[in-house]
Amino acid sequence: MGRVADILANKGTQVHSVSLDSLVHDAVSRMVHFNVGSVVVMDGPAPVGLFTERDCLHRVTLEGHDPRAVTVGQVMSDQLVRVGADCTIQECMSIMTQSRIRHLLVADASRMLGVVSIGDVVKHLTREQEFEIEHLTRYITGVA
């Protein structure tokens, strides 16, 4: 089974972030522009949380807040779960399932390396299975 480094090799390592005092509207605009489901929330150089599509729906829209008046820091998820690039895909799935989260920050001791979503994990597993099926089909049919 693959590792987080394999996912990052395919999707890239760009981390989209906003500051703690950014308005929700600006964070959502950034997420839409880059077609991502979350942004890392930064307090200076340190990541302190994640702001996700679900945070926007649950903590802004459903509670009737104005996205142009509420800061990301007021509604972000402060449960920032980090994994290393050597973490296995299976470990990621387990962490996401047990913690009921959809995004993991990938970091080493000194810097952020990327963000992995549940969609990234599923896409990676699907590619692995397709490769294995193709390999087995060629083996069974005798095609080189």
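Visitor: Which residues touch the most other members of the largest nonpolar core?
Guide: Welcome! A nonpolar core is a set of buried Ala, Val, Leu, Ile, Met, Phe, Trp, Tyr and Cys residues joined through side-chain atoms within 4.5 Å, where buried means under 20% relative accessible area, exposed over 50% and partly exposed in between (1.4 Å probe, protein chains only). The largest such core here has 16 residues, and those touching the most other members are Val4, Leu104, Val106, Val116 and Val121.

Visitor: What kind of model is this, and how are its residues numbered?
Guide: This is a predicted model, in which local features need pLDDT of at least 70 and side-chain atom pairs count only at pLDDT 80 or more, while totals for chains, interfaces and linings use all residues. Side-chain values use heavy atoms, with hydrogens and water left out, and along each chain, as its sequence is written, residues are numbered from 1.

Visitor: Which elements each supply at least two residues of the largest nonpolar core?
Guide: Helices (H or I, at least four residues) and strands (E, at least two) are DSSP runs, numbered from the N terminus. With that naming, the elements that each give this core at least two residues are α1 (4–11), α5 (89–99), β5 (103–107), β6 (112–117) and α6 (118–141).

Visitor: Which residues does Val106 touch, leaving out those up to four places away in sequence?
Guide: Val106 is one of the core residues that touch the most other members. Contact means heavy atoms within 4.5 Å. On that basis Val106 touches Val4, Leu8, Val83, Gly84, Ala85, Met112, Leu113, Gly114 and Val116.

Visitor: Which strand pairs with β1?
Guide: Strand β1 (residues 17–19) forms three bridges in the parallel sense, and Ser19 stands opposite Met42.

Visitor: Is Arg30 buried, partly exposed or exposed?
Guide: Arg30 lies in helix α2 (residues 24–34). Leaving aside neighbours within four places in sequence, Arg30 is in contact with His16, Ser17 and Val18. The C-alpha atoms of Arg30 and Ser17 are separated by 8.7 Å, although the two residues are 13 apart along the chain. Because its relative accessibility is 30%, Arg30 counts as partly exposed.

Visitor: What is the phi of Asn35?
Guide: Asn35 lies in the loop between α2 and β2. At 71% relative accessibility, Asn35 counts as exposed. Although Asn35 is not a glycine, its phi is positive, at about 55 degrees.

Visitor: Where is Arg100 found?
Guide: Arg100 is a residue other than glycine with a positive phi, near 55 degrees. With 76% relative accessibility, Arg100 counts as exposed. Arg100 is found in the loop between α5 and β5.

Visitor: Where does Tyr139 lie, and is it buried or exposed?
Guide: Tyr139 lies in helix α6. Since its relative accessibility is 67%, Tyr139 counts as exposed.

Terms used: Two strands pair if DSSP finds at least two bridges between them.
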